[in-house]
Each structure stands twice: as C-alpha cells, then as structure tokens.
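Please examine the sequence and the structure shown here before turning to the report.

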Amino acid sequence: MRDYMPESLRDCPRPGHAALRNGRNSIAGQLYLVTFTTHRRQPLFSDFDLAMDAAREIADSRSWTRSTLLAWVLMPDHWHGLIELGEGEALPALMRHFKSNVSRRLRLRHPNMGALWGKSFHDRALRADEAAMAAARYIVMNPVRAGLVGRVGEYPFWDAVWV
C-alpha cells in the first residue's frame, strides 16, 4: 500500500488498532483518510449485487449528517474514505455508526449475509489542503493499482466530490 501512496502521505506511521488511538482527539473540520476491511478480509464485494447495494448505502446522506464524505472506494475486501469530520463528532463513533448502519441496511436485502466489517479501522489525519486531492487520487486509483480495471472510470464503486 505504501508504495503507491502519494509522497506527501508516506511519512506517517500506519497505526491499525483502536489501542493506538488512545489519547488522540477527533478534530472538527479535520480531513481523515480512513480504511477498514471486511470481516476476515473476505472479498465479499466481488459479488456485484452486494457491492452495488453497499455503494448505495455508503453514499446515503443519512450516514453523513454532520461529517462529509469527500471521496471513497469500495474494494472487494476493504473500503477507503476521505472524510471531513463534522462539528461534535468523534471519528471512532462515526466509523462505528457508519459500519453498523451499512451492515444493518444490507442485511435487509441480503438476510443470509454474515459479518460484514472487521472490528477496527486505520485513520490518518491529513496536514494540508493540498494533501486532500492527493489522498482522493490515491483512494480512487485503488481498483487500477489492484488490477481490477484499466481506468478509474471502468470501476463502478467509488465517488469523489471533485468529479
């Protein structure tokens, strides 16, 4: 993952578990690059219908009442998002509610679906506005780097506010 990350995003360590976030504060207006995996990193979203339904739920405005989802991509076994945190929201609580809401809504259409998301998430606060565009490009280029498609426009499960 780091090999393909823009230069401006490579200099930070990659914490991955909630314990590493102890003592960190969520900051309103801060941009966060967030990644989390499917349960046991299963390629659940290789199923087109499930991925299509998940993409609809991810983009649903009910999940983003105070925070803003700026860019995202749903990969077969993980999700990346660029989030501007809203006033009064804490990133861990937002991610917990987001993952729970998407899971609950998907189970209405796919009742035999087991666990959907892994327990933790990785986040990285971006330092400058110019890093936002680099992070968004990194996010939406994931399907190309993974060899799923030749061009970003060929992959249906992503979005960015700049498009």
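## Overall architecture

The model is predicted. Its protein chain contains four helices and five strands, and these elements follow one another along the sequence in the pattern β-α-β-β-α-β-α-α-β.

Of the 163 residues in the protein chain, 48% count as buried. Among contacts between residues at least 6 apart in sequence, 69% join residues at least 24 apart. The accessible surface of the protein chain comes to about 8800 Å², and carbon and sulfur atoms supply 51% of that area.

## Strand β1 and its partners

Strand β1 (31-37) pairs with both β3 and β4. Seven bridges join β1 to β3, and the two strands run antiparallel. Within this pairing, T37 has H78 of β3 as its bridge partner.

The pairing of β1 with β4 (residues 122-125) is also antiparallel and comprises four bridges. Here V34 stands opposite D123 of β4. Six of the seven residues of β1 are buried, so β1 is largely enclosed by the rest of the structure.

## The largest nonpolar core

In soluble globular proteins, nonpolar side chains tend to be buried together. In this model, the largest nonpolar core has 47 residues. Those with the most contacts inside this core are V34, L74, W79, L82 and M95. Two or more residues each come from β1 (31-37), α1 (48-59), β2 (68-74), β3 (78-84), α2 (91-109), α3 (129-140) and β5. The greatest contribution is that of α3, with seven residues.

Which residues does M95 touch, not counting residues up to four places away in sequence? The residues in contact with M95 are V34, F36, W64, I83 and F121.

W162 belongs to the segment that comes after β5 (158-160).

Methods:
Residues numbered from 1 in each chain as written. Predicted model: local features only at pLDDT ≥ 70, side-chain atom pairs only at ≥ 80, totals over all residues. Heavy atoms only, no water. Core = buried A, V, L, I, M, F, W, Y, C linked by side-chain atoms within 4.5 Å. Buried < 20%, exposed > 50% of the residue type's maximum accessible area, 1.4 Å probe, protein only. Contact = heavy atoms within 4.5 Å. Pairing = 2+ DSSP bridges. Areas by Shrake-Rupley, 256 points an atom, 1.4 Å probe, with all protein chains shown as cover.
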